[in-house]
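Student: I would like to learn how to read the sheets, helices and core of a protein model, one feature at a time. Could you take me through this one, giving the general idea before each case?

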Amino acid sequence: MASSSLAVHFQIPNQKSSLRSPAYLKPSSRRFKICPVSATVSDTPPTVSMSPVPEKLPTRKIPGDYGLPLIGPWKDRLDYFYNQGREEFFRSRVQKYGSTVFRTNMPPGPFISFSPNVVVLLDGKSFPTLFDVGKVEKRDVFTGTFMPSTELTGGYRILSYLDPSEPKHAKLKQLMFFLLSSRRSHVIPEFHKSFTEMFEGLEKEVGSKGKVGLNAANDQAAFNFLARSWLGVDPAGTKLGIDGPNLVGKWVVFNLHPLLVLGLPKGLEEALLHTFRLPAGLVKKDYQRLYDFFYSNATAFFDEAENLGVSREEACHNLLFVTCFNSFGGMKIFFPNMIKWIGRGGARLHAELAREIRSVVKSNGGKVTMAGMEQMPLMKSVVYEALRIEPPVPAQYGRAKRDLIIESHDAAFEVKEGEMLFGFQPFATKDPKIFDRAEEFVPDRFTGENANELLSHVLWSNGPETESPTVNNKQCAGKDFVVLVSRLMVVELFLRYDSFDIEVGTSALGASVTVTSLKRASF
């Protein structure tokens, strides 16, 4: 249910980032001499500060440029999608300018977006500027420098595209809080039911064919789980049947095609996806099937919407978006990515997770509970580490509300009112000045004494992990829900299996995972 901006790319580079941030600023060497102070009752003792005065960062002009109109954005788009690829696009510019803050153009550019100019923020210090709604406006920037047609969402600007200053924002976000609260007791049992079905299917396929793709099975399980837990209905028993994931996938493509690479010939892809908008009417019937499904099965949600002053129709379009785009989309991307990292951790990590999870569940009478999961430090750390190293929503945008000074680790930069700011989150959450072994997946990273400090730099939810969503910010309304279901995925996996083996490739929205073995629980 992330409220952050979404940018996706089909080709994920395998090489590790070579981003090298400047060295930490050294604390001031200024020394203080503390002398004994004598005072009578009427004297006011002087205050002696023991903190060194921080060095003022040098102000630097933001490096980079936008090139010639039309030509500059087009060239940057080709570099981003084809000539360099996403991560090398940013890495090469950091090296070229010697700065993690610079100017460039972001796709899609002409003729979909005629304002592709951005100021890029790529380090863990400057990036959080994008969360401060006192400094940046979040109106219509969810997908970046362009906004999909509202014909794709029933003619409404959905919650994700609203700035907190807009009156509807608070009402719609409060409505999402109601959904999460009113259906919270259904989450754990429905997750268990839906993903048990998935695992049983995977086992049969591995047993008969030797391997099976995880992604499609995960998609169906995720959609079933969301429908059952939030709407109280099994989609298979409705007119929608098992078509939900495919319908959502087609609709998402029409929303995000200017940001996608499908693997078509470059010229065709440029003309078809990146230069002009696909007609929304081509997916209208698919969207209507989804809308009818939600409208028929969320009476209590719509009643609450009317109490808040939101029409049932607008509420339904928002519920569909939050469920299918934000939540289903997040599970579609993040679960295979998380399984990839855990799979690469090997049998030792698997054994440690299995022991921890099974021990806690046994001590809780064999039940999986939220309180019990809080007693699983390694499991919790693994989830946070997966969210850190490969956040499911990598791009965030915001427009400067006023003239700003933005600081990276080694310089300060002046940004003018109205300029678009862009952050590529994986660079910020792999900032080597914040995280040791930043490019590595370290399963127990968040189990130490400084875990809370490190968590403040885990930013997947459009805000620090140590903060909470409110109606006044753009942090993901379902932040805690996403963490909960991610933990449940790990718990269900290791209650059932001692270990597993996988093969990893690339897919439309992240990792393509093929399961080659599943070793059932032996203790």
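This is a predicted model: local features need pLDDT of at least 70, side-chain atom pairs count only at pLDDT 80 or more; totals for chains, interfaces and linings use all residues.

Student: How many bridges join S1 to S2, and in which sense do the two strands run?

Tutor: Strands of a sheet pair through backbone hydrogen bonds, either parallel or antiparallel. Here two strands are said to pair if DSSP finds at least two bridges between them, and the elements themselves are DSSP runs numbered from the N terminus, helices being H or I of at least four residues and strands being E of at least two. S1 and strand S2 (residues 117–121) are joined by five bridges and run antiparallel.

Student: What is the strand order of the sheet that holds them?

Tutor: The order is S1-S2-S8-S5-S3 in an open sheet of five strands with mixed pairing. Its edges are strand S1 (101–105) and strand S3 (136–137), each of which pairs on one side only. Helix H2 (residues 86–97) packs on this sheet, touching S1, S2 and strand S8 (420–424), and its direction makes about 130° with that of S1. Contact here means heavy atoms within 4.5 Å, and for such angles the axes are lines fitted to C-alpha atoms, for helices over the stretch in contact, with values from 0 to 180 degrees between N-to-C directions.

Student: In which sense do S2 and S8 pair?

Tutor: S2 and S8 pair in the parallel sense, over three bridges, and Val-120 stands opposite Phe-422 in S8. Strand S5 (residues 395–400), by contrast, pairs with S8 in the antiparallel sense over five bridges, with Arg-399 opposite Met-420 and Gly-398 having Leu-421 as its bridge partner. S3 is joined to S5 by two bridges, again antiparallel, and there Glu-137 stands opposite Arg-399.

Student: Why is S8 described as largely enclosed by the rest of the structure?

Tutor: Buried means under 20% relative accessible area, exposed means over 50%, and partly exposed lies in between (1.4 Å probe, protein chains only). S8 is largely enclosed because five of its five residues are buried. In a regular strand the side chains alternate between the two faces of the sheet. Both faces of S8 are covered, with Met-420, Phe-422 and Phe-424 buried on one side and Leu-421 and Gly-423 buried on the other. S5 is likewise largely enclosed, since five of its six residues are buried.

Student: What is the strand order of the sheet of three strands?

Tutor: That open sheet has the order S4-S10-S9, with antiparallel pairing. Strand S4 (212–213) and strand S9 (497–507) are the edge strands, each pairing on one side only. S9 is joined to strand S10 (residues 510–520) by 10 bridges, the two running antiparallel, and Ser-499 has Lys-519 as its bridge partner in S10. Helix H15 (residues 479–496) packs on the sheet, touching S9 and S10, with its direction at about 130° to that of S9. Helix H5 (residues 215–231) lies across S4, S9 and S10 and runs at about 90° to S10.

Student: At what angle do the axes of H5 and H6 cross?

Tutor: The axes of H5 and helix H6 (residues 244–256) come within 9 Å and cross at roughly 100°. That makes H5 roughly perpendicular to H6, on a scale where angles under 35 degrees count as roughly parallel, over 145 as roughly antiparallel, 65 to 115 as roughly perpendicular and the rest as oblique. Asp-219, Gln-220 and Phe-223 of H5 make the contact with Gly-244, Pro-245 and Val-248 of H6.

Student: Which residues touch the most other members of the largest nonpolar core?

Tutor: A nonpolar core is a set of buried Ala, Val, Leu, Ile, Met, Phe, Trp, Tyr and Cys residues joined through side-chain atoms within 4.5 Å. In the largest, of 116 residues, Phe-195 and Trp-251 touch the most other members. Helix H10 (residues 312–363) gives the most to this core, with 22 residues.

Notes. Residues are numbered from 1 along each chain as its sequence is written. Side-chain values use heavy atoms; hydrogens and water are left out.
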